[in-house]
Every structure is written in structure tokens, then in C-alpha cells.
Amino acid sequence: MQRNLQHERMDDPDLPRDQHELALKGLSRLNRFTGVAGLMYRHLRRRGTMKAGRPLRILDVASGAGDVPIDWARRARRDGVAMEITMLDVSPVAVQTQQRRATEAQVSVRSLRSDCLAEPLPSGFDVVTSSLFMHHLNDEQVATLLRAMKVATDGGILICDLHRSRMNLAMVAFAGRVLSRSPVVHSDSVLSVQGAYTHAEFQTLAQHALDGSIEMHAAFPCRFLASYEKPVAATPSALPNIGGVPTVSSVAV
């Protein structure tokens with residue numbers, strides 16, 4: 001089954017607001033059904049518990065309605081793990097939906113409207129994440145975004161996305177029909193699997209783009225989890241008279 005990347009209706013900036021909101025609701029229901037938030041949270045929680053005295057700083061790119069990062073914030077509050085989460089999306093409808101849902105969930109997260117493919121990412125984060133976005137992109141766009149995520153993080157990258165196979169195509173098409181009334185979700189769910197990478201394809205592409213090792217894990221149903229650890233820069237040992245200058249990263253909200 002060859003990769004067949006096609007334009008999805010959710011990528012249309014002129015998609016009517018009511019259809020966009022219905023599709024975001026359907027995708028959130030699919031995410032809850034597949035447990036993607038919990039899967040990624042377990043990796044983030046391990047990082048968070050290692051950050052003594054300060055929160056784990058997370059940047060999530062192409063966050064959509066924000067249901068996945070908002071779920072992390074809810075779980076972190078329950079577990080007593082300090083996290084500072086910034087969500088980024090190009091759509092004003094998505095950004096507004098993020099903040100409305102965060103208020104409903106009684107958690108504090110930041111939202112930033114920005115095009116992650118055309119504008120620099122904010123920097124200074126412990127981990128940069130992405131869920132269900134890479135299958136929208138061609139190889140060059142994936143490589144460009146991965147390199148931008150590497151610059152934005154001081155620690156690692158964590159990505160969850162669809163794995164392309166005939167079985168997953170059938171499962172996602174069925175789940176989309178059962179779990180959502182959105183015609184956008186019905187059509188885009190099929191296109192998403194057809195445009196997705198296999199585990200091996202994504203690992204090869206990511207390792208080349210990041211010039212480093214990528215760990216790949218199968219994630220039932222239909223997904224994979226890819227993680228990357230940024231090498232720690234060597235500290236100069238012979239600069240006795242040069243004081244360190246603290247830097248502060250800020251994110252416009």
C-alpha cells in the first residue's frame with residue numbers, strides 16, 4: 001500500500017466554522033477512543049518527575065482543538081506533576097476552541113496562533129510534541145518541521161501519528177463513522193491513513209532530518225510513537241573569567 005498524500009478538508013482555511021467545530025469535536029472523540037493522550041502523557045510524566053524545582057515546559061505544535069494537551073494538564077494536576085503547556089495552531093477557530101476547553105477543564109494552558117511550517121517556533125522547551133499532524137505533510141515539510149522542533153527544544157521530541165496499513169485503513173474508516181457525525185471526519189479519516197507513513201518510513205525520514213537516533217514504538221490502535229533525545233552540548237571547561245548570562249524565553253499568548 002503506497003503512500004497517497006491528498007488534501008484534507010480540515011486543511012482548508014475556508015472551511016465553514018460550524019463544520020470546522022463539528023470536525024474538531026469528532027476528532028476529539030476519536031482521540032479519546034484511541035487513548036493517544038494517555039500514551040503520550042506517560043512519557044511526559046517521566047520527564048516531569050525528573051525536573052526538580054520547576055515545571056516541565058512543553059510545546060505542542062498543530063494542536064487543533066487542544067484536547068490532547070488539555071488532557072495532559074488535567075492528568076498532571078491529578079498526579080502532582082508540574083507542567084507548563086503551550087499549544088500552537090494556525091487556525092483561529094482551533095485556538096479559540098483550545099482556550100474554551102481549557103476553561104471548561106479548569107486547567108491553565110497557553111495558546112499561540114502561528115503557522116509552524118512558515119514561522120519560527122518559540123524556543124526554550126524541555127520537550128516539543130506533535131500528534132496526528134505529520135501525515136498531512138510531504139517529506140520536505142516533515143523534515144523542515146522536525147528541524148524546527150529540534151531548535152525549539154533543550155531536551156527531546158515526542159511524536160504520535162498514524163501508521164499506514166490496509167487493516168488500519170479499515171479500522172479508522174469504521175471508527176470515524178461510528179464516533180462522529182462530521183462528514184469532514186468521515187472523509188478525512190480515510191485520507192489520513194492513506195497519507196500516513198509506516199513506522200520504517202518515518203524513522204528513516206526523521207533520523208535523516210535530525211541527524212540522530214529515533215526510537216519507534218507501535219501504539220495500538222493504528223499509531224506509532226516516535227521519540228528523539230537531543231544531545232547535551234558539551235560545556236566549555238577553560239573559561240574561568242566569563243560569567244554566564246541567564247536567558248529568558250517568552251511566548252506571546
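Predicted model: local features only at pLDDT ≥ 70, side-chain atom pairs only at ≥ 80, totals over all residues.

Visitor: Okay, so how many residues of strand E2 are buried?

Guide: Six of the seven residues in E2, which covers residues 83-89, are buried, so that strand is mostly covered.

Visitor: And which sheet order do the strands have?

Guide: The order is E3-E2-E1-E4-E5-E7-E6, in an open sheet of seven strands with mixed pairing. The edges are taken by E3 (110-113) and E6 (215-219), and each has a single partner strand, so one side of each has no neighbour in the sheet. On average, neighbouring strands are turned by 20 degrees against each other, ignoring direction.

Visitor: What holds strands together in a sheet, anyway?

Guide: Strands of a sheet pair through backbone hydrogen bonds, in a parallel or an antiparallel way.

Visitor: How many bridges join E1 to E2, and do they run parallel or antiparallel?

Guide: They run parallel, with six bridges between them. E1 (residues 56-61) also pairs with E4 (residues 125-131), again in the parallel sense, over three bridges. Take Ile58 as an example: its bridge partner in E2 is Ile85, and in E4 its bridge partner is Val127.

Visitor: Switching to helices. How many residues of H7 are buried?

Guide: Nine of its twelve, so H7 is mostly covered. Among the buried ones are Val184, His186, Asp188 and Leu191.

Visitor: What covers them?

Guide: The cover includes helix H1 (17-34), strand E5 (153-162) and helix H6 (166-179).

Visitor: And what length does H7 reach?

Guide: From its first C-alpha to its last, H7 (residues 183-194) reaches 17 Å, close to the 16 Å expected at 1.5 Å a residue.

Visitor: Now aromatics. How many aromatic pairs are there?

Guide: Two, from a search of the whole structure. One of them is Phe202 with Phe224, a tilted pair with 5.2 Å centre to centre and 35 degrees between the planes. Phe202 lies in helix H8 (residues 199-210) and Phe224 in strand E7 (residues 223-229), so the pair ties together parts that are 22 residues apart in sequence.

Visitor: Which residues do the ring pairs link into a cluster?

Guide: Tyr197, Phe202 and Phe224.

Visitor: What about Arg47, buried or exposed?

Guide: Arg47 is in helix H2 (residues 36-49). With a relative accessible area of 17%, Arg47 is buried, because the cut-off is under 20%. Leaving out residues up to four places away in sequence, Arg47 touches Leu56, Asp126, Val127, Gly155, Gly156, Tyr228 and Glu229.

Visitor: Last one: is Asp67 buried or exposed?

Guide: Asp67 counts as buried at 19% relative accessibility. Asp67 lies in helix H3 (residues 67-79).

Visitor: Which residues does Asp67 touch?

Guide: Ser28, Asn31 and Arg101, not counting residues up to four places away in sequence. As for Val93, 26 residues apart from Asp67 along the chain, the C-alpha atoms of the two are separated by 14 Å.

Definitions and conventions
Residues numbered from 1 in each chain as written. Heavy atoms only, no water. Phe/Tyr/Trp six-rings, centres within 6.5 Å; stacked < 30°, edge-to-face > 60°. Helix = DSSP H or I, 4+ residues; strand = E, 2+ residues; numbered from the N terminus. Expected span 1.5 Å × (residues − 1). Buried < 20%, exposed > 50% of the residue type's maximum accessible area, 1.4 Å probe, protein only. Contact = heavy atoms within 4.5 Å. Pairing = 2+ DSSP bridges. Axes fitted to C-alpha atoms, helices over the stretch in contact; angles between N-to-C directions.
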